[in-house]
Amino acid sequence: DISDKEKSAPTLKSIFKNTLQEGLHGICFTPYEEGQNLGDQLSYAQINRRMSIIKPYTKWVRSFSCTDGNELIPQIAREHGLKTMAGAWIDRNEFNNEVEIQKLIDLAKKGYVDIAVVGNEVLMRNELSAAAIVAYIKRVKQAVPTIPVAYVDAYYQFVEYPELVDACDIILANCYPFWEGCEIEKATAYLNQMYQTTLQVSKGKPVIVSETGWPNEGSAVQGAVPSAENAMTYFVNVQAWAKKEKADLFYFSSFDESWKVKHEGDVGQAWGLWNKNETLKF
């Protein structure tokens, strides 16, 4: 972890910059521009522009939906030579789920998908049963048997629902010390604990940290305080941890998105490495 001496602003900024330039395994792609909301149509141009910005820094890109233009993300990532973890958004709306699943299968058959993800934090939002999620996973696996198929949720859901581990080809765990109120000094150790907990129930299947990050502004969650210093510190520390553990990790996220305030409060819009104007923050 970064020492107290290294936490002075100029030193920390240069360590942050070097870490970013060394490159990430993966990044969660946030396509929505300022003024856009969930459900708005995304254009090829805006996704392509943002993909060009992150391309030098990552090998993989993760998307969350296959509708409203989000289905262009894996295709454009491919055009930029990036690998893709493409997600179908699943919730209570069965009609939408069908559209998402079918689009994910189509993208996979066209060769745009390296890991197919069926649903993100559906159990955490309490929207479907584990059995319903497993049924969707099985359908996608049947349709595209040559591609790893998985489900994303908070790490502890895989402890609670072993049937998810059985259904998935790989285990994709979201690990957020921030949301569990962990102070920055202990955050890397806590992330490691979350990862080890998931490994213990993974039945030998590969475990990937599908999301982790730290916001640079907004309200604190107990001991977890958003600030530029903490966001940079967390970023640097977890990249070093991932290298040491040889763990694949997707950082959350690429760009700030204002629409998230409605869903996550004031911290929701402050998770990006780039701001809403697509400028690198730190």
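At what angle do the axes of helix α4 and helix α5 cross? The legends below take up this crossing and three further close-ups of a predicted model.

**View 1. Helix α4 beside helix α5.** Helix α4 spans residues 94-109 and helix α5 spans residues 130-143. Their axes cross at roughly 25 degrees and come within 10 Å. Angles under 35 degrees count as roughly parallel, so α4 is roughly parallel to α5. The crossing of the two helices is right-handed. From α4, the residues making the contact are E94, N97, E98, I101, L104, I105 and K109. On the α5 side, Y136, R139, V140 and A143 take part. Sorted by type, the residues of this contact comprise 6 nonpolar, 4 charged and 1 polar. Two packed helices are described by the distance between their axes and the angle between them.

**View 2. Buried residues of helix α3.** Helix α3 covers residues 72-79. Within α3, the residues L72, I73, P74, I76 and A77 are buried. Which elements cover them? The cover includes helix α2 (44-54) and helix α4, together with the strands β2 (58-62) and β3 (83-88). After α3 comes G81, which has a positive phi, near 80 degrees.

**View 3. Cysteines C168 and C182.** A disulfide is a covalent bond between the sulfur atoms of two cysteines. How many disulfides does the model contain? The count is 0. The cut-off for a disulfide is a pair of cysteine sulfur atoms within 2.5 Å. For C168, the nearest cysteine sulfur belongs to C175 and lies 14 Å away, so C168 is in no disulfide. C182 is in no disulfide either, because its nearest cysteine sulfur, also that of C175, is 12 Å away. Are these two cysteines buried or exposed? C168 has a relative accessible area of 0% and is buried. C182 is buried too, with a relative accessible area of 8%.

View 4. A240 sits in helix α9, which runs over residues 228-245.

Technical notes:
Residues numbered from 1 in each chain as written. Predicted model: local features only at pLDDT ≥ 70, side-chain atom pairs only at ≥ 80, totals over all residues. Heavy atoms only, no water. Axes fitted to C-alpha atoms, helices over the stretch in contact; angles between N-to-C directions. Helix = DSSP H or I, 4+ residues; strand = E, 2+ residues; numbered from the N terminus. Parallel < 35°, antiparallel > 145°, perpendicular 65-115°, else oblique. Left-handed = near helix turned anticlockwise from the far one by under 90°. Contact = heavy atoms within 4.5 Å. Nonpolar A, V, L, I, M, F, W, Y, C, P; charged D, E, K, R; others polar. Buried < 20%, exposed > 50% of the residue type's maximum accessible area, 1.4 Å probe, protein only.
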